[in-house]
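Biologist: I'd like a close look at one part of this model, please. Could you take your time and walk me through it?

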Amino acid sequence: MNTAVAELEAHDHHGPEKGFRRWLFATNHKDIGTMYLLFSLTMLFVGGTMAMIIRSELLAPGLQFVNPDFFNQMTTMHALVMIFGAVMPAFVGLANWMVPLMIGAPDMALPRMNNLSFWILPFAFMLLLSTLFMSGGAPAGGWTMYPPLVLQTGDAFPFLIFSVHLMGLSSIMGAINIIVTIVNMRAPDMSLLKMPMFVWSWLITAYLLIAVMPVLAGAVTMLLTDQFFGTSFFLAAGGGDPVMYQHIFWFFGHPEVYIMILPAFGVVSEIIPTFARKPLFGHDSMVYAISAIAFLSFIVWAHHMFTVGMPLSGQLFFMFATMLIAVPTGVKIFNWTATMWRGSMTFETPMLFAVAFLFLFTIGGFSGVMVAIVPADIQYHDSYFVVAHFHYVLVPGALFGILGAVYYWLPKWTGRMYNEKLGQIHFWLTAIFVNVTFFPMHFLGLAGMPRRIPDYATQFTDWNFVASIGAFGFGLSQFIFVYIVISCMRGRGEPATAEVWDNPKGLEWTVPSPAPFHTFEVPPKIPAAPAPGFS
Amino acid sequence: MIRRLSLCLTGLLVATGTRADWAVNMPRGITELSAETYGLHMMVFWWCVGIAVVVFGAMLYTMVMHRKSRGVTPAKFSHSMTAEVTWTIIPVIILLIMAVPSAETLIRIEDSRDPAHTVVVTGYQWKWHYTYQGEDVSFYSTLARASSEARHKGANIDPATVENYLLDVDRPLVVPRGAKIRVLLTSNDVIHSWWVPELSIKKDAIPGFMNEIWFQAEETGLFRGQCAELCGMDHAYMPIVVEVVEPEAFETWIDSQREPAEPAVGRTAP
């Protein structure tokens, strides 16, 4: 008995527990980060499978594989799974792994809450995915859950609402943890403005999450009471207002867009200086730019609703405010370019993803300016042009940020170098197919194809065919990524050095690879003179 | 299923050879405002292309020239106030250049005064209902039969053989050329959206709300669109067809559509 206790304590202090207890009761930021990332990878494939079903049906006109209702379930679930299951948990996983390592903290500030915020997610998604097997099927009213349509959902409806509540809870707890960690647990001498950009981007993202997740929870709760308790928040027949839902939803939804991209900005700001061998250009103005974007994200929500019938003054305000976002976003793009300028660049896989991010996210930014122009947006709205736009900012934007981050830090996590050749093949296939998939969607939208349709008029045949082929290629290419990650996790490949790359800046490179279970039990010393990575 | 898919693929290859369907741009449309909208779209597009040439050019240049393999030693600079102020101000100016004409067009779009005719459009799952205000003419407009037969899974009808597949209706909305038509939109069930690209019109039909848009078609012909807001299972199957005819033809048409007047007997004088 005594020996057992002694042994337990020994484990507590010297390493992870054995077996499932290590994961189920995990309080270590690295273990929880790993679980978040693996969960996210799983969801990427679940949501990806749905995308493949969508693109298979759209390969040719006519209905070949699915019924319209199932198609709508797929578009709805694809979005929910990708947003709340793939992109957001991936960034929280990266934050878990890297924020303590980058600020010299021994762990996250609230490790038990960290455990809870992760373990909520599998249950939330079990609830959500179980709706696929319910009578009436999964939610099919779009991920935006607009009433009155969403109220026509069958048995899945309360499960949808409850799973969104759970995802929100998880996100809020994750965000609180990140803020508390960053604010309280930085190494001595690491002032806020000395923090690495990834940490900065997450600090601001976490505030966005805390600000808007409760708004989403409120909106879906009102849906719930409209459905089951006789309220009429959004039902015109009872004196309610269906448009009010859209205002509330997008007050959440627009900052949500930045929640999914700001951490990717942070990742790119880490990767480019390392491979350009040159400090990040304009560190402070990058911080101000992120802050400006975060602020503006709260006052542009109605640009998702230019066709609902707003007063002219409202449309003008939201048009101008939306266009303004291009300014700080532009500053970031220019600063990254200036970081590369006169550097000494090499193009390993993380850098390739970062550079592709720069080019392709900018294309998403251009179409972003276009959709801000209200008269033109009247044409773009709810067409495939919008589908192209947001996939350009979410796939080569957020997803490339995540993939770049994984390649960048995988050697630190696993202690093994990934296979560079395979990584480059993965990159090129991904980068080519992402364009084959999404670029033609601009054309389809301009030519008049609405989004969320399972079948289309025959003049849209050609580009849909191209987009589908691209999507299949894109989907298949991701198996290379899985192979690479699993190889490293199983200890194959060259052992990685502590620095991994050529003299990278940042505290995470001062600990061995793989990072030991406990790091920075004694706070590290930050060089007195601002080191390039921190200034 | 495989057979049907291969049928479609064959049809597709044939179609590629015979029809120029690789459309890449927005239609210019048939109203003054649709042409203006197209102009704005192209203006912003060309600005984006210009900026892309400069920014991507700089990125490509540095990626080619400043490589380690060329033996470059990295520079040390990490900020420049002048550069950052410049690339903050220039975008602001470009945005202003875009914003002013956009606002002007938007103001014209919102000016729906003095219409010649008013049509009330009501969205239903999944069809449209049109009422000519003050004309005693109203009817439903649903997906044309040929499309309806071909659209089901296992229908074994190649969509390429159906004329205007999914974009044809039994009864189009008929309007006169050159007259300002006001469209009032509402819905009977869920939110729909009435979109005709050639008219540069898209507006949501929302239950409990009456939305307003207008257009003035300058050309005759048939112009096709679709519901743009996800409205349930058959969202893809409620197209819109607007037939623009000469004013005289419109008068004849609307007279022929009026419901026969009820017998005057027993009615009180208005």
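Biologist: In which crossing, left-handed or right-handed, does α16(A) pass α17(A)?

Modeller: Happy to. Please keep in mind that this is a predicted model. The crossing of α16(A) past α17(A) is left-handed. Two packed helices are described by the angle between their axes and the distance between the axes. Here, the axes of α16(A) and α17(A) cross at roughly 155° and come within 8 Å. Angles over 145 degrees count as roughly antiparallel, so α16(A) is roughly antiparallel to α17(A). As for the residues in the contact of α16(A) with α17(A), 19 are nonpolar and eight are polar, while none is charged.

In the model, 84 residues of chain A are in contact with 86 residues of chain B. Among the helices that each supply at least two residues to that side of chain A are α16 (420-446) and α17 (461-489). The helix that gives the most there is α12(A), with nine residues. Sorted by class, the side of chain A that touches chain B has 50 nonpolar, 26 polar and eight charged residues.

The average pLDDT of chain A is 93, and 96% of its residues score at least 70. Residues 529-535 of chain A have a pLDDT below 50, and this stretch has 15 contacts in the model beyond near neighbours in sequence. In residues 1-12 of chain A the pLDDT stays under 50 as well, with one contact beyond four places in sequence. Where pLDDT is low, the predicted coordinates should not be read in detail.

How values were computed
Residues are numbered from 1 along each chain as its sequence is written. Chains are lettered from A and ligands numbered from 1 in the order in which they are written. This is a predicted model: local features need pLDDT of at least 70, side-chain atom pairs count only at pLDDT 80 or more; totals for chains, interfaces and linings use all residues. pLDDT is the predictor's confidence in each residue, from 0 to 100. Two residues are in contact if their C-beta atoms, placed from the backbone, lie within 7 Å. Helices (H or I, at least four residues) and strands (E, at least two) are DSSP runs, numbered from the N terminus. Ala, Val, Leu, Ile, Met, Phe, Trp, Tyr, Cys and Pro count as nonpolar, Asp, Glu, Lys and Arg as charged, and the others, Gly among them, as polar. Axes are lines fitted to C-alpha atoms, for helices over the stretch in contact, and angles run from 0 to 180 degrees between N-to-C directions. Angles under 35 degrees count as roughly parallel, over 145 as roughly antiparallel, 65 to 115 as roughly perpendicular and the rest as oblique. A crossing is left-handed if the near helix is turned anticlockwise from the far one by less than a right angle, and right-handed if clockwise.
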